[in-house]
Amino acid sequence: MNNQGVLVVVSGFSGAGKGTLMKALLTKYDNYALSISATTRGPRDGEEDGREYFFKTREEFEEMIENDLLVEYAQYVGNYYGTPKEYVDSSMKAGKDVLLEIEIQGALKIKEKFPEAVLVFVTPPSAEELRRRLVNRGTEPIETINARLSRAAKEAEGIENYDFLLVNDDIDECVDRMHHLIQSMHAKVSSHLTFIRTIREEMKDF
Ligand code: 5GP
């Protein structure tokens, strides 16, 4: 059997609860590895280098591009964001299901490079609920929230290229649904062609 991990790309509207979902998956199940991206944006309050992101200068980031150290990268609101290759490769080989929380351009590049990757788009149940969550979080003024919501509408462009839509209404349920979705990917016939070929050859020998 092919025991290689599944590559899972998670995107979604800001405020959809992707971060919470990722953390819950990592805490609840032990088959996941979360990729930490490199970025040129500065750390926000409470963020640590090597935990949320690897914070890089533009020069350092461009050197990573030149040396082919990234699986994919994209520019988002004036900054580079990219997925380091080494961690993804080694974790998948070790049988871990690797989670990439990245935006849509990067997601599509991953699909091109790894057609077997699973693309999941996370959304809140409604625009009203998204607004309510952002307001309740209380971290941003209302103008910023409204601006984020308009941007969220743009973030859905390209969503038809994703494989699955996950509505985050209840976080615990959403975590379990996501887990089962990913686990079912391990059973895809296309991931086990070598195994099937071998078993068919063995059958002929009887
Ligand atoms: P933020 O600055 O809010 O942490 O992230 C901005 C956007 O960049 C989010 O949509 C996030 O998913 C995306 N992002 C984070 N890391 C990567 C990455 O490695 N590659 C790509 N393409 N997007 C990323």
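In the predicted model, a network of salt bridges links E48, R51 and E52. The structure holds eleven salt bridges in total. One of these joins the side chains of R41 and E47, with an N to O distance of 2.8 Å; both R41 and E47 are buried.

Two further salt bridges involve lysine residues. The side chains of K85 and D68 meet at 3.1 Å, N to O. This pair links distant parts of the chain, with K85 in helix α3 (residues 85-93) and D68 in the loop between α2 and β5 (70-76), 17 residues apart. K85 is partly exposed, its relative accessible area being 24%, and D68 is likewise classed as partly exposed, at 48%. In the salt bridge between K111 and D163, the closest N and O atoms are 3.1 Å apart. K111 belongs to helix α4 (residues 104-113) and D163 to the loop between α6 (142-155) and β9 (164-167); the pair therefore ties together parts that are 52 residues apart in sequence.

A patch of negative charge on the surface is formed by E59, E60, E62, E63 and E66. Of these residues, E62 is located in helix α2 (residues 58-66) and is partly exposed, with a relative accessible area of 32%. Across the protein, the mean positions of the 26 positive and 36 negative charges are 2 Å apart.

The protein comprises eight helices and nine strands. Of its 206 residues, 40% count as buried.

Definitions and conventions:
Residues are numbered from 1 along each chain as its sequence is written. This is a predicted model: local features need pLDDT of at least 70, side-chain atom pairs count only at pLDDT 80 or more; totals for chains, interfaces and linings use all residues. Side-chain values use heavy atoms; hydrogens and water are left out. Patches are made of residues with over 30% relative accessible area and no salt bridge: like charges are joined within 9 Å, nonpolar side chains (Val, Leu, Ile, Met, Phe, Trp, Tyr) within 5 Å. Accessible areas come from the Shrake-Rupley method with a 1.4 Å probe; for residues, only the protein chains shown count as cover. A salt bridge is a side-chain nitrogen of Lys or Arg within 4 Å of a carboxyl oxygen of Asp or Glu. Lys and Arg count as positive and Asp and Glu as negative; His and the chain ends are not counted. The place of a charge is taken as NZ of Lys, CZ of Arg, CG of Asp or CD of Glu. Helices (H or I, at least four residues) and strands (E, at least two) are DSSP runs, numbered from the N terminus. Buried means under 20% relative accessible area, exposed over 50%, partly exposed in between (1.4 Å probe, protein chains only).
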